[in-house]
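Have a look at the sequence and the model first.

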Amino acid sequence: MQDDRHWMEHAIAEAEEALDQGEVPVGAVVVRRDQIIGRGHNRVEQSGFPFEHAEVVAMWDAVKRHDRWQLAESVLYVTVEPCVMCVGAILLARLPRVVYGVREPRTGACESVFAIPTEPRLHHRVAVVGGIEEKRCRELLQRSFREQRKKRSG
């Protein structure tokens with residue numbers, strides 16, 4: 001059985017793909033029984049849809065491949081703490097566990113701003129592990145923001 005760092009490497013690869021495509025570098029993979037069943041990275045700029053966050057894209061990919069809306073035996077690995085929209089999708093898909101890289105202090109809905117996955121009033125709760133490959137995930141975001149500033153000033 002692979003550990004969280006191993007699967008986060010795959011999410012980081014997705015984030016790098018997003019960066020190469022001019023997107024905010026967030027990547028995600030859905031893993032079930034030591035196998036990636038869904039992949040995704042941010043596609044908001046490319047698609048023009050605000051819903052195409054890495055987490056939603058990866059979960060959608062997993063659902064399409066396995067023709068099942070419930071991802072109850074799966075784990076989502078994502079490079080940045082999910083937002084409210086993505087946590088809502090995580091809850092609806094019945095994911096039992098989310099592992100993320102770096103906290104999102106403005107919109108993070110797992111621990112930073114909100115703690116929705118562990119809200120006791122909700123029917124479904126999600127175990128959350130943060131800080132996996134945090135430095136690398138943060139560096140990708142910082143690189144993206146530096147490149148955006150260069151484009152605006154240059």
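A word on the ground rules. This is a predicted model, so local features need pLDDT of at least 70 and side-chain atom pairs count only at pLDDT 80 or more, while totals for chains, interfaces and linings use all residues. Residues are numbered from 1 along each chain as its sequence is written, and side-chain values use heavy atoms, with hydrogens and water left out.

**Two helices and their cover**

Helices (H or I, at least four residues) and strands (E, at least two) are DSSP runs, numbered from the N terminus. Buried means under 20% relative accessible area, exposed means over 50%, and partly exposed is in between (1.4 Å probe, protein chains only).

Start with helix H4, residues 84–92, where Cys 86, Val 87, Ile 90 and Leu 91 are buried. Why do they sit on the same side of H4? Because they cover an arc of only 140 degrees around the axis, the arc being that of the directions from the helix axis to the C-beta atoms. Once H4 is done, Arg 94 follows with a positive phi, near 65 degrees.

H3 has its own list of buried residues: Ala 54, Glu 55, Val 57, Ala 58, Met 59, Asp 61, Ala 62 and Val 63. Their packing partners are strand S1 (27–32), strand S2 (35–41), S3 and H4, with contact meaning heavy atoms within 4.5 Å. After H3 comes Asp 67, another residue with positive phi, near 50 degrees.

**A nonpolar patch**

On the surface, Phe 49, Phe 51 and Met 85 form a nonpolar patch with about 300 Å² of accessible area together. Patches take residues with over 30% relative accessible area and no salt bridge, joining nonpolar side chains (Val, Leu, Ile, Met, Phe, Trp, Tyr) within 5 Å and like charges within 9 Å. Phe 49 belongs to the loop between helix H2 (44–47) and H3, and is partly exposed at 46% relative accessible area.

**Salt bridges**

Side chains of opposite charge can pair when their charged atoms come close. Counting a side-chain nitrogen of Lys or Arg within 4 Å of a carboxyl oxygen of Asp or Glu as a salt bridge, how many are there? The count comes to 14 salt bridges. Here are some of them:

| Pair | Distance, N to O |
|---|---|
| Arg 106 and Glu 104 | 3.8 Å |
| Glu 134 and Arg 138 | 2.9 Å |
| Arg 143 and Glu 147 | 3.4 Å |

Arg 106 is exposed at 66% relative accessibility, whereas Glu 104 is buried at 16%. Glu 134 and Arg 138 both lie in helix H5 (residues 134–153), four residues apart, about one turn of the helix. Glu 134 is partly exposed at 31%, and Arg 138 is partly exposed at 35%. Arg 143 and Glu 147 are also both in H5, four residues apart. Then there's a network of salt bridges linking Arg 5, Glu 9, Glu 133 and Arg 136.

**Some single residues**

Thr 79 has its place in strand S3. Is Thr 79 buried or exposed? It's buried, with a relative accessible area of 1%. Not counting residues up to four places away in sequence, Thr 79 touches several others, among them Met 8, Ile 12, Pro 25, Val 102 and Cys 137.

Val 113 is in the loop between S4 and strand S5 (127–129), partly exposed at 37% relative accessible area. Leaving aside its neighbours within four places in sequence, Val 113 is in contact with Glu 104, Pro 105, Arg 106, Thr 107 and Gly 108.

Terms used:
Areas by Shrake-Rupley, 256 points an atom, 1.4 Å probe, with all protein chains shown as cover.
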